[in-house]
Every structure is written in structure tokens, then in C-alpha cells.
Amino acid sequence: MTKSHSTSGTLIKDSWDVVAGVILLGFALLLLFYLIPNYIGQPPIMQNPMMSPRWLPTIVGWLLLVFSLLMIVQGVLVADDAEDSGRRFERGTWLRFVLMVVALVVYAGLFEMLGAIISGILATFILFIAHPVRTLWVYGLAIVFPVGITLLFTEVMNVPLPMLPF
């Protein structure tokens, strides 16, 4: 985050963490108490709550809520004064931003045509190129992650996804 000029007498030590936490808290509350109950239907006969279409979004919503509260507490308790604190927001290059957008467009645009696995592999490779990964074996994860996530959704969660184009 950028440096906040706070004194030791103020209640908020890092205003950017508090602002980001409050925004994320708002999204979490919107998700949990408006979007999920009103827009994700649940069959009347549900024998296992983990098979409900509301299960995964609810877990994500509660995690978002907890982490946003932790971020607010961090902003109140911890000042971001040290130069090497590891919490600095450093703006990346325009090429990195463009490559991340291209990865999103590739994944969303080619999902139906190429299937979840191939479009996921292509998008992950583009993301790895956008964030310079120097270790060669890490590029193997660009294959393992999309295959693993697709199999998790199709085989375990029983979500119908286009697997491969053939």
C-alpha cells in the first residue's frame, strides 16, 4: 500500500487497509445477504447441504467477510511506515496489465470452443508470462492446476463443464 502519514495518536494507522477492508466487507455482505439468497436457487429436497449450488458461494462470502475484517483490524493496529515491510503497492508495467486482461479474455472467450482444460492452460501460461516466472518447473503447474480444478468441478462437485474440444 502507499505510505499513509499517520501519527501515533490517531485511531487508524493505515487508512488504505481500512478503506480496502470496508469495501471488501461491503461486497461480502452484499454477496451473503442479498445475492446468494435472492439469485441462487436451491432445490426443495436437498439431502446433502454440500451439494447445494449455494454452498461454494457461501463459503467464499464468509471467507471474504473474515479477511475483510482482519484487514480493517490490521489497518487500525499496524502502521505501514517501514520501507521494506512487504506491504507496499508497486504498480506493474502496462504490458503486465495487458497480459492479465488477455488471459481473462482467452479463458472466457475460448472456454466453450476449446474446453475448460485447454483454455485454462492457455490463460495460466499467459499469467505466468505476465508475472515473470523464472523457474522452469513452475510452468508445469500451468498444466496441473487447470486439469486439477476442472476434474474437481466435474468429478467431485458434479458441475458440467466442457472438458476438451473433441
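Visitor: How do you know in what order the elements of the protein chain run from the N terminus on?
Guide: Reading along the protein chain from the N terminus, the elements run α-α-α-α. The chain has four helices and zero strands. Please keep in mind that this is a predicted model.

Visitor: What makes the span of helix H2 close to the expected one?
Guide: Helix H2 covers residues 55–77, which is 23 residues. The expected span is 1.5 Å times one less than the number of residues, and for H2 that comes to 33 Å. From its first C-alpha to its last, H2 reaches 33 Å, so it is close to the expectation.

Visitor: Which residues of H2 are called buried, and what do they pack against?
Guide: The buried residues of H2 are Gly61, Leu65, Ser68, Ile72 and Gly75. They are called buried because each has under 20% relative accessible area. These residues pack against helix H1 (15–39). A helix has 3.6 residues a turn, so residues three or four places apart point the same way.

Visitor: How many aromatic pairs does a search of the whole structure find?
Guide: The search finds six aromatic pairs. One of them is formed by Phe33 and Trp62, with 6.2 Å from centre to centre and 85 degrees between the planes. Ring centres within 6.5 Å make a pair, and planes over 60 degrees apart count as edge-to-face, so Phe33 and Trp62 form an edge-to-face pair. Phe33 sits in helix H1 and Trp62 in helix H2, 29 residues apart, so the pair links distant parts of the chain.

Visitor: What makes the pair of Phe125 and Tyr139 stacked?
Guide: The rings of Phe125 and Tyr139 are 6.2 Å apart, centre to centre, with 20 degrees between the planes. Planes under 30 degrees apart count as stacked, so this pair is stacked. Phe125 lies in helix H3 (residues 94–130) and Tyr139 in the loop between H3 and helix H4 (141–156), so the pair ties together parts that are 14 residues apart in sequence. Phe125, Phe128 and Tyr139 form one aromatic cluster.

Visitor: Why is Phe125 called partly exposed?
Guide: Its relative accessible area is 28%.

How values were computed:
Residues numbered from 1 in each chain as written. Predicted model: local features only at pLDDT ≥ 70, side-chain atom pairs only at ≥ 80, totals over all residues. Heavy atoms only, no water. Helix = DSSP H or I, 4+ residues; strand = E, 2+ residues; numbered from the N terminus. Buried < 20%, exposed > 50% of the residue type's maximum accessible area, 1.4 Å probe, protein only. Contact = heavy atoms within 4.5 Å.
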